[in-house]
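Trainee: I have a structure to look at and some questions about the space inside it. Can we go through them one at a time?

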Amino acid sequence: AALKAVRVVSGQGEEGPVSPRTRGQATDGALKCLKEKDWMVRKAACEVLSTVASDGNTKVLERLVNTLQDSHPQVRKAASHALYRLVQLDDTWLNASLSCLLVSRGAEVRSVVAGLLQLHIIRLLESQNKLNPYHKASLLSSPSARS
């Protein structure tokens, strides 16, 4: 419940913009929660990070990449969604980290990582106006994009 409240308060809701200090505190708290035993707390922490963390925050991205190896599938899924939201198109560190996971982890993690990289490539091509609707549809219909 507390993490849900932080997520709401840290957004730009009825109270207006939140200070960078408050966002930083919420981010730090959510990062600590990624170590909790309860998978629901870890999942909620990923959701909070996707809302309050700054785009391109290397510390957050690094922890979320590590969370892709969590023991619970819903936590891994929440981490992948957070990464997709936070990634910047020119983030070479994240691309390299994800690429390393493609060769060093289990099949489920590889599938999630492949999907993240695929969606990242689609966003990059869209930003450069180099992706037509036919190619986008065929990329999104592949198994790795459905992770």
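Trainee: How much space lies in the largest cavity?

Mentor: This is a predicted model, so the value is computed from predicted atoms. Counting cavities of 30 Å³ or more, the structure holds 1. The space in the largest cavity is about 60 Å³.

Trainee: Which helices each supply at least two residues of its lining?

Mentor: The lining residues of the largest cavity include Leu83, Tyr84, Leu94, Asn95, Leu116 and Leu117. Helix H5 covers 73-86, helix H6 covers 92-104 and helix H7 covers 107-127. The helices asked for are H5, H6 and H7.

Trainee: How many residues of that lining are nonpolar, polar and charged?

Mentor: By class, the lining has 7 nonpolar, 2 polar and no charged residues.

Trainee: Which element gives the most to the largest nonpolar core?

Mentor: This core has 31 residues, and Leu49, Leu64, Leu68, Leu83 and Leu98 touch the most other members. With 6 residues, the one that gives the most is H5.

Trainee: How many helices and strands does the chain have?

Mentor: From the N terminus on, the elements run α-α-α-α-α-α-α-α. The secondary structure therefore comes to 8 helices and 0 strands.

Key. Residues are numbered from 1 along each chain as its sequence is written. This is a predicted model: local features need pLDDT of at least 70, side-chain atom pairs count only at pLDDT 80 or more; totals for chains, interfaces and linings use all residues. Side-chain values use heavy atoms; hydrogens and water are left out. A nonpolar core is a set of buried Ala, Val, Leu, Ile, Met, Phe, Trp, Tyr and Cys residues joined through side-chain atoms within 4.5 Å. Buried means under 20% relative accessible area, exposed over 50%, partly exposed in between (1.4 Å probe, protein chains only). Helices (H or I, at least four residues) and strands (E, at least two) are DSSP runs, numbered from the N terminus. On a 1 Å grid over the protein atoms alone, a cavity is a set of points where a 1.4 Å probe fits but cannot get out, and a pocket is an open set with protein on both sides within 12 Å along at least five of seven lines; lining residues have an atom within 4 Å of a point. Grid points are joined across faces, edges and corners, and a volume is the space filled by probe spheres set on the points. Ala, Val, Leu, Ile, Met, Phe, Trp, Tyr, Cys and Pro count as nonpolar, Asp, Glu, Lys and Arg as charged, and the others, Gly among them, as polar.
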